[in-house]
Amino acid sequence: MKKFLLKSILKQFLKKIWNNILWIYLTFTDSKSYKKDTTALVLGWAGSQPRYVQAYTKFYANELGIGAHGFTLPMKYTFNYDQDRQREIAQICLDVISKETTGKKLIIHCFSNNGFVMYKHVSQLLKENPSR
């Protein structure tokens with residue numbers, strides 16, 4: 001119950017502050033096939049609605065038994081090429097993942113160019129700080 005409440009508060013905060021750009025879907029830790037050392041990060045295409053990317057996060061969580069996070073870079077940052085802002089958003093994404101998961105294995109699933117824009121920043125941040 002406590003974990004659910006914390007997730008709910010975090011989601012409300014992120015909706016308010018970041019205009020619904022980030023959402024989280026995790027499996028329950030009591031699941032038999034839950035792999036605590038692995039997390040999937042699904043990076044959506046430009047303009048993708050949360051429900052479509054969440055379908056993939058649910059697949060990773062329910063079918064493969066791993067924690068999964070879905071993220072789409074907002075359209076206002078997709079085509080203006082503000083690298084600093086895109087990097088900040090990637091850092092927020094990694095911060096949320098590191099707080100929600102304990103494992104060190106990360107599967108990154110990118111869709112289209114928008115996903116690869118985020119991948120670029122996520123991979124650079126991970127190379128700079130491999131202990132994440």
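Which helix does M75 lie in?

1. M75 lies in helix α3, which covers residues 75-78. Helices here are DSSP runs of H or I with at least four residues, strands are runs of E with at least two, and both are numbered from the N terminus. This is a predicted model, in which local features need pLDDT of at least 70 and side-chain atom pairs count only at pLDDT 80 or more, while totals for chains, interfaces and linings use all residues. Residues are numbered from 1 along each chain as its sequence is written, and side-chain values use heavy atoms, with hydrogens and water left out.

2. M75 has a relative accessible area of 43%, so M75 is partly exposed. The cut-offs are under 20% for buried and over 50% for exposed, with partly exposed in between (1.4 Å probe, protein chains only).

3. Together with F79 and Y81, M75 forms a nonpolar patch on the surface, and the three share about 380 Å² of accessible area. A patch takes residues with over 30% relative accessible area and no salt bridge; nonpolar side chains (Val, Leu, Ile, Met, Phe, Trp, Tyr) are joined within 5 Å, and like charges within 9 Å. The areas come from the Shrake-Rupley method with a 1.4 Å probe, and for residues only the protein chains shown count as cover.

4. The structure has three salt bridges. The term means a side-chain nitrogen of Lys or Arg within 4 Å of a carboxyl oxygen of Asp or Glu. In general, side chains of opposite charge can pair when their charged atoms come close.

5. One of the salt bridges joins K105 and D37, with 3.1 Å between the closest N and O atoms. K105 belongs to strand β4 (residues 105-110) and D37 to strand β2 (residues 35-43), so this pair ties together parts that are 68 residues apart in sequence. K105 is exposed, at 52% relative accessibility, whereas D37 is partly exposed, at 34%.

6. R85 and E88 also form a salt bridge, at 2.8 Å from N to O. Both residues lie in helix α4 (residues 83-100), three residues apart, which is about one turn of the helix. R85 is buried at 14% relative accessibility, while E88 is partly exposed at 42%.

7. R87 and E128 meet in a salt bridge with an N to O distance of 2.4 Å. R87 is in helix α4 and E128 in helix α5 (residues 112-128), so the pair ties together parts that are 41 residues apart in sequence. R87 counts as partly exposed at 25% relative accessibility, and E128 counts as exposed at 55%.
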